[in-house]
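Have a look at the picture, then read on.

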Amino acid sequence: MNIMNNQIRSSKYKDEFWQIIRGICIICVILIHCKNGVEYRNDSTNYWNFDYWFILRQLINFPIAIFIFLSGNFINVQKVKKSTLNYIYNRIKRLFIPFMLWTSFYTLIKVINNVEEINFIKLLFGLSSAHLYYIIVLIQLTLLTPLLIRDIQNNKRTKFWILITPIYLVYLYFYMIINKKQIPFYQTYFPAWFIFYYIGLSVKINGYKFLYKNNQISISLIMCIVSFILSIFEGYMLLSLGLLESIASSQIKISTFLYTFTLIKLIMKIKLYSQDNKIKWLKYIGDNSYGIYYVHMFWIIISNRGLILIPSLRDILPICQFIQLIFVLSFSFFSIYIIRMIIGRNLANKLFGF
């Protein structure tokens with residue numbers, strides 16, 4: 001197979017491939033937010049649910065990092081250079097308007113349910129719901145983009161940029177080992193994810209010729225499996241040190257980042273070899289992934305309450321999660337369809353993000 005010929009593929013196919021990846025990522029995001037296994041850790045009868053959940057989390061901990069990698073990889077470099085201020089203004093506007101609508105929505109839900117009072121700091125930084133930090137991270141990275149493009153093109157400060165995330169990780173580890181808890185809102189600060197954005201932007205500007213040095217997918221797959229096993233090992237090690245399950249299962253860990261790097265490399269190699277795909281349902285999910293990201297937590301809340309009404313499922317976590325996944329995906333699509341139908345696609349895109 002001629003890899004170079006495969007690389008010269010229509011933009012439509014390239015979009016389809018990456019939309020499938022986005023589809024996989026948003027499915028994993030939903031699974032991360034589905035019912036977890038923490039409550040089973042001290043349940044001797046159903047402890048297996050905890051192990052199942054904990055290992056699954058290590059397997060599916062890649063989506064936000066890959067989303068951020070793709071955000072960097074799909075930057076229109078020429079557009080940024082042509083008018084930096086216009087790019088920043090338009091990009092932040094596209095992010096901030098839906099963000100404010102959704103953070104207000106999720107804040108209102110918590111107020112109605114007497115979970116918390118209105119807090120304008122939480123409202124502004126997307127802390128009213130577990131998933132909205134992603135948009136705040138994208139806004140921070142948007143502000144850095146023009147400088148990053150200039151430095152990457154001129155091959156300047158590479159070591160400085162590459163070290164931002166590792167240094168932040170070292171700080172996080174010291175903090176959580178000493179305090180037995182995580183830094184508040186640690187995932188909201190751009191250094192946590194910066195390296196993936198930087199690599200995505202670097203690939204956009206410089207290409208990925210380094211992949212040609214070793215084109216065997218099998219080797220990349222082995223590296224991916226090994227790093228996944230390391231992430232399981234690190235997770236259980238963190239638990240043994242007395243750290244919380246939320247830390248041990250976090251997406252922001254050294255081994256998880258290593259796993260994600262190897263997964264990105266594997267995905268890009270698969271892309272080089274791939275022929276036309278037929279996974280249309282995954283592409284459809286990917287096409288709507290941004291909207292699903294915003295709306296899915298509402299249906300997670302609804303489904304969590306529904307599961308309480310079905311106690312017979314409580315002891316079988318995989319089935320609970322599967323039911324939640326199908327329910328959340330279905331009603332997320334339904335929500336997107338209804339809103340688009342009522343106010344039109346253009347206004348829905350501007351206000352709601354889809």
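First, some ground rules. This is a predicted model, so local features need pLDDT of at least 70 and side-chain atom pairs count only at pLDDT 80 or more, while totals for chains, interfaces and linings use all residues. Residues are numbered from 1 along each chain as its sequence is written, and side-chain values use heavy atoms, with hydrogens and water left out.

**Overall make-up**

The protein has 17 helices and zero strands. Helices here are DSSP runs of H or I with at least four residues, strands are runs of E with at least two, and both are numbered from the N terminus. Of the 354 residues, 51% count as buried; buried means under 20% relative accessible area, exposed means over 50%, and partly exposed is in between (1.4 Å probe, protein chains only). Among contacts with a separation of 6 or more, 83% are between residues 24 or more positions apart, where contact means heavy atoms within 4.5 Å.

**Two helix pairs**

Here are the two pairs side by side. Axes are lines fitted to C-alpha atoms over the stretch in contact, and angles run from 0 to 180 degrees between N-to-C directions.

| Helix pair | Angle | Axis separation |
|---|---|---|
| α10 (residues 194–206) and α13 (residues 254–273) | about 20° | 12 Å apart |
| α16 (residues 317–343) and α17 (residues 345–352) | roughly 120° | within 7 Å |

So α10 and α13 are roughly parallel to each other, and α16 and α17 are oblique. The cut-offs: under 35 degrees is roughly parallel, over 145 roughly antiparallel, 65 to 115 roughly perpendicular, and the rest oblique.

α10 passes α13 in a right-handed crossing; right-handed means the near helix is turned clockwise from the far one by less than a right angle, left-handed means anticlockwise. On the α10 side, the contact uses Ile195, Phe196, Ile199 and Val203, and α13 brings Phe257, Thr260, Phe261, Ile264 and Met268. That makes eight nonpolar residues, one polar and no charged ones. For the classes, Ala, Val, Leu, Ile, Met, Phe, Trp, Tyr, Cys and Pro are nonpolar, Asp, Glu, Lys and Arg are charged, and the others, Gly among them, are polar.

The crossing of α16 and α17 is right-handed too. Ile339, Arg340 and Ile343 of α16 meet Arg345, Leu347, Ala348 and Phe352 of α17. This contact has five nonpolar, no polar and two charged residues.

Thr165 is in helix α9 (residues 158–179) and counts as buried because its relative accessibility is 2%. A polar atom of the Thr165 side chain lies 3.0 Å from the backbone nitrogen of Ile195. Leaving out residues up to four places away in sequence, Thr165 touches Pro191, Ala192, Trp193, Phe194, Ile195 and Phe257.

Ser249 is in the loop between α12 (245–248) and α13, and is also buried, at 2% relative accessibility. The Ser249 side chain reaches the backbone oxygen of Glu245 at 2.7 Å. Not counting residues up to four places away, Ser249 touches Trp53, Phe54, Arg57, Gln58 and Asn61.

Ile205, in helix α10, is partly exposed, with a relative accessible area of 23%. Its C-alpha atom is separated by 9.9 Å from that of Asn76, 129 residues apart along the chain. Beyond its neighbours within four places, Ile205 is in contact with Val77, Ile149, Ile152 and Gln153.

Terms used:
Polar contact = N/O pair within 3.5 Å; in protein donor to acceptor, adjacent residues only side chain to side chain.
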